[in-house]
Amino acid sequence: MAGGDGGSREGVQWPEPIQRVQKLAASSLDALPEKYVRPASHRAPLNAPLANLPVIDLSGLADPRTHSSTVQQIGDACTEWGIFHAINHGIPLSLIHRVQQVSKELFDLPYEEKEVYANKPGLPVGYGSHLGASNSGTMDWSDYFFHQLRPSTSYDADSWPAKPAAYR
């Protein structure tokens, strides 16, 4: 089993002990470890307005008259902002709330239960932490659960946790 103690899964070793962000956050830190603190020049201002965040109407993708311009808007937003607010995407709000709830249940599981599904060095699939440095040279402050669904030959059902049952 890979994970918090630098262990392995199927004999593959991490080069150094893995520190999961959730475990660090629960450890009653007095301050963030320095390797997670970005220089002030790389931080968004605390009062940064979200009013300029691109809002893209995805229903335009279904209309041949607006498809190209919607694709262009998505490309521009990703290039300039790295994010956008999608509207009219067709996903029912009830499904969004259910996915959020089940995801919260997954990340609220005890550390040891998630660690059974830890990713292997060099492979993102499974439970992991963003261990790579950002462009500013600092570490990203996040854990993830990643699944590859396509191509179908890459799908690994064993990387999907058994709990919560609704997650699968």
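Predicted model: local features only at pLDDT ≥ 70, side-chain atom pairs only at ≥ 80, totals over all residues.
Buried here means under 20% relative accessible area, exposed means over 50%, and partly exposed falls in between, using a 1.4 Å probe and protein chains only. Residues are numbered from 1 along each chain as its sequence is written, and side-chain values use heavy atoms, with hydrogens and water left out.

**Overall layout**

- The protein chain has 4 helices and 6 strands, taken as DSSP runs numbered from the N terminus (H or I, at least four residues, for helices; E, at least two, for strands).
- Going along the sequence, the order is β-β-α-β-α-β-α-α-β-β.
- Of the 168 residues in the protein chain, 25% are buried.
- Contact means heavy atoms within 4.5 Å; among contacts with a separation of 6 or more, 52% link residues 24 or more positions apart.
- The protein chain exposes about 11300 Å², with carbon and sulfur atoms supplying 57% of that; accessible areas come from the Shrake-Rupley method with a 1.4 Å probe, and for residues only the protein chains shown count as cover.

**Inside the fold**

- The largest nonpolar core has 9 residues, including Val102, Leu106, Tyr127, Phe145 and Trp160; such a core is a set of buried Ala, Val, Leu, Ile, Met, Phe, Trp, Tyr and Cys residues joined through side-chain atoms within 4.5 Å.
- Val102 from that core touches Pro164, Ala166 and Tyr167, leaving out residues up to four places away in sequence.
- Ile56 sits in strand β3 (residues 55-57) and counts as buried at 1% relative accessibility.
- Beyond its neighbours within four places, Ile56 contacts Thr70, Gln73, Ile74, Ala77, Phe84, His85, Ala86 and Ile87; its C-alpha is 6.9 Å from that of Phe84, 28 residues apart along the chain.

**Asp143 up close**

- Asp143 belongs to strand β6, and its side chain reaches the backbone nitrogen of Gln22 at 2.8 Å.

**Salt bridges**

- There are 3 salt bridges, each being a side-chain nitrogen of Lys or Arg within 4 Å of a carboxyl oxygen of Asp or Glu.
- Arg65 pairs with Asp63 at 2.8 Å between the closest N and O atoms, and Arg65 is exposed at 73% relative accessible area.
- Lys104 and Asp108 meet at 2.5 Å, N to O; they are 4 residues apart in helix α3 (residues 93-108), so about one helical turn separates them.
- Glu113 bridges to Lys163 at 3.0 Å between the closest N and O atoms. Glu113 lies in helix α4 (residues 111-115) and Lys163 in the segment after β6, so the pair ties together parts 50 residues apart in sequence.

**On the surface**

- Leu29, Leu32 and Trp141 form a nonpolar surface patch with about 260 Å² of accessible area together. Patches take residues with over 30% relative accessible area and no salt bridge, joining like charges within 9 Å and nonpolar side chains (Val, Leu, Ile, Met, Phe, Trp, Tyr) within 5 Å.
- Trp141 lies in the loop between β5 (126-129) and β6 (143-146), and is partly exposed at 35% relative accessibility.

Note on methods:
Polar contact = N/O pair within 3.5 Å; in protein donor to acceptor, adjacent residues only side chain to side chain.
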